[in-house]
Amino acid sequence: SPLTKSLLESLADEGRLTIEETEVTIPAQDEHSVLEPFESTLTPETSLVILESLPSDIPFAVPFEEAIGLVREVCPQAFVILDATQGFAALPMTLRQHPADA
């Protein structure tokens with residue numbers, strides 16, 4: 001969300017964290033075309049990942065289970081937040097079933 005992004009950018013401005021955003025070419029081919037650039041952004045030092053389940057700038061849901069699987073492979077210690085605000089009513093999911101930490 002814009003508020004979360006603003007907060008993280010403020011922390012980055014203070015030197016308290018570094019932000020690496022995944023750039024996705026729009027129009028994206030399909031939901032899996034976002035995974036390759038996402039994976040290339042991850043490093044073993046990544047400590048926090050925030051995923052939007054249904055971003056406003058692409059016309060489909062992010063395959064968040066696969067994305068979280070990539071996080072667990074590349075940076076298993078990273079805390080994963082799934083922002084399901086926009087997709088909660090539109091996607092088949094329950095809060096107890098997704099593999100994110102929050």
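The paragraphs below lead through the structure from its overall plan to individual residues.

This is a predicted model, in which local features need a pLDDT of at least 70 and side-chain atom pairs count only at pLDDT 80 or more, while totals for chains, interfaces and linings use all residues. Residues are numbered from 1 along each chain as its sequence is written, and side-chain values use heavy atoms, with hydrogens and water left out. The term pLDDT denotes the predictor's confidence in each residue, on a scale from 0 to 100. Across the chain the average pLDDT is 78, and 70% of the residues score at least 70.

The chain contains 3 helices and 2 strands. These elements are DSSP runs numbered from the N terminus: helices are H or I runs of at least four residues, and strands are E runs of at least two. Along the sequence, their order follows the pattern α-α-β-α-β. Confidence is lowest in helix 1 (residues 2-13), with a mean of 85, and highest in helix 3 (residues 64-74), at 92.

Helix 1 is followed by Gly15, which has a positive phi near 80°.

The next topic is the surface. The accessible surface of the chain comes to about 6800 Å², and 53% of this area belongs to carbon and sulfur atoms. A residue is called buried under 20% relative accessible area, exposed over 50%, and partly exposed in between (1.4 Å probe, protein chains only). Of the 102 residues in the chain, 30% are buried.

Contacts describe how the chain is folded upon itself; a contact means heavy atoms within 4.5 Å. Among the contacts with a separation of 6 or more, 63% are between residues 24 or more positions apart.

Side chains of opposite charge can pair when their charged atoms come close. A salt bridge is defined as a side-chain nitrogen of Lys or Arg within 4 Å of a carboxyl oxygen of Asp or Glu. The whole structure holds 2 salt bridges. One of them joins the side chains of Glu21 and Lys5, at 3.3 Å from N to O. This pair links distant parts of the chain, for Glu21 is in the loop between helix 1 and helix 2 while Lys5 is in helix 1, 16 residues apart. Glu21 is classed as partly exposed because its relative accessibility is 48%, and Lys5 is likewise partly exposed, at 39%. A salt bridge is also formed by the side chains of Glu14 and Arg16, at 3.1 Å from N to O. Both Glu14 and Arg16 are exposed.

Thr41 and Thr46 connect several of these regions. Thr41 is found in helix 2 and is partly exposed, with a relative accessible area of 21%. Apart from its neighbours within four places in sequence, Thr41 is in contact with Glu20, Glu21, Thr22 and Thr46. Glu20, in the loop between helix 1 and helix 2, is exposed because its relative accessibility is 59%. Thr46 lies in the loop between helix 2 (35-41) and strand 1 (48-52). Thr46 counts as buried because its relative accessible area is 14%. When residues up to four places away in sequence are set aside, Thr46 touches Thr41, Cys75, Gln77 and Ala78.

Helix 3 includes Glu66, which is partly exposed at 40% relative accessibility. Beyond residues up to four places away in sequence, Glu66 touches His32 and Leu35. Glu66 and His32 are 34 residues apart in sequence, and their C-alpha atoms are 8.9 Å apart in space.

Finally, Leu48, Ile50 and Phe79 form a nonpolar patch on the surface, with about 240 Å² of accessible area together. Patches consist of residues with over 30% relative accessible area and no salt bridge; like charges are joined within 9 Å, and nonpolar side chains (Val, Leu, Ile, Met, Phe, Trp, Tyr) within 5 Å. Ile50, in strand 1, is partly exposed at 36% relative accessibility.

Key. Accessible areas come from the Shrake-Rupley method with a 1.4 Å probe; for residues, only the protein chains shown count as cover.
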